[in-house]
Amino acid sequence: NAGTEADVYISVYGERGDTGSRQLLRSQKPKKFLKGQTDVFAVEAVHLGHLYKIVIGHNGLGPGNGWFLEKVVIKDPVTDLDYTFICHRWLDQGQDDGNIARELTVTDASTFPGRQELELKREETWAAEKWKFQEGNTLQFYNRLTHGFICLGPDSRVDALGDKKNKYGKVYFMWMYT
């Protein structure tokens, strides 16, 4: 009972947009979504760039509509890349957590070439900025709209009255644009 007769839908998300919800209609197999079976579907869409997530689910209709989904692999014909989305969970109102739809993120970071660069930049930025958040420091955010300061104190207090002057002497500024 791991297959389903319900209508299955997928939305694919990439760096250039998404497909919207698409029903998976014609499998290369005579009967789709059977236990232990791999189904193959063609989904026409504009090129989305590098993919990062999908939302997949079913409408919950029909007898035995619960479905155990192992994984989804999307083959991009433009770049010849494979994107793998591991699920290994039930999409069933009576099993697992009761959800019939799942949001899955791509499991192989190497399929998104910029991801390693972004992670490295994030780490470098944090290394350069983390001193501001050390114990004892007071942070002031300057609000250009009110021309006042919002202060985060070392004891976790927030002074959001928007004072027009710096009452803490030497502090570390971060700009907040509104």
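What follows is a short chat about a predicted model of one protein chain.

Biologist: What is the mean pLDDT of the chain?

Modeller: The mean is 79, and 82% of the residues reach 70 or more. Remember that this is a predicted model.

Biologist: Which elements have the lowest and the highest mean pLDDT?

Modeller: Strand β11, residues 172–176, has the lowest, at 48. The highest is 93, for strand β7, which covers residues 101–105.

Biologist: Now H58. Where does H58 lie?

Modeller: H58 is in strand β4, which spans residues 51–58.

Biologist: Is H58 buried or exposed?

Modeller: H58 is buried, because its relative accessible area is 5% and the cut-off for buried is under 20%.

Biologist: Which residues does H58 touch?

Modeller: Leaving out residues up to four places away in sequence, H58 touches A6, D7, V8, N65, G66, W67, L91, D92 and I100.

Biologist: And what does the side chain of H58 reach at 3.3 Å?

Modeller: The backbone oxygen of N65. N65 is also one of the residues in that list of contacts.

Biologist: Back to the whole chain. How much of the chain counts as buried?

Modeller: Of its 178 residues, 32% are buried. The chain exposes about 12,000 Å², with carbon and sulfur atoms supplying 52% of that area.

Biologist: What share of the contacts comes from residues 24 or more positions apart?

Modeller: They make up 50% of the contacts with a separation of 6 or more.

Key:
Residues numbered from 1 in each chain as written. Predicted model: local features only at pLDDT ≥ 70, side-chain atom pairs only at ≥ 80, totals over all residues. Heavy atoms only, no water. pLDDT = per-residue confidence, 0-100. Helix = DSSP H or I, 4+ residues; strand = E, 2+ residues; numbered from the N terminus. Buried < 20%, exposed > 50% of the residue type's maximum accessible area, 1.4 Å probe, protein only. Polar contact = N/O pair within 3.5 Å; in protein donor to acceptor, adjacent residues only side chain to side chain. Contact = heavy atoms within 4.5 Å. Areas by Shrake-Rupley, 256 points an atom, 1.4 Å probe, with all protein chains shown as cover.
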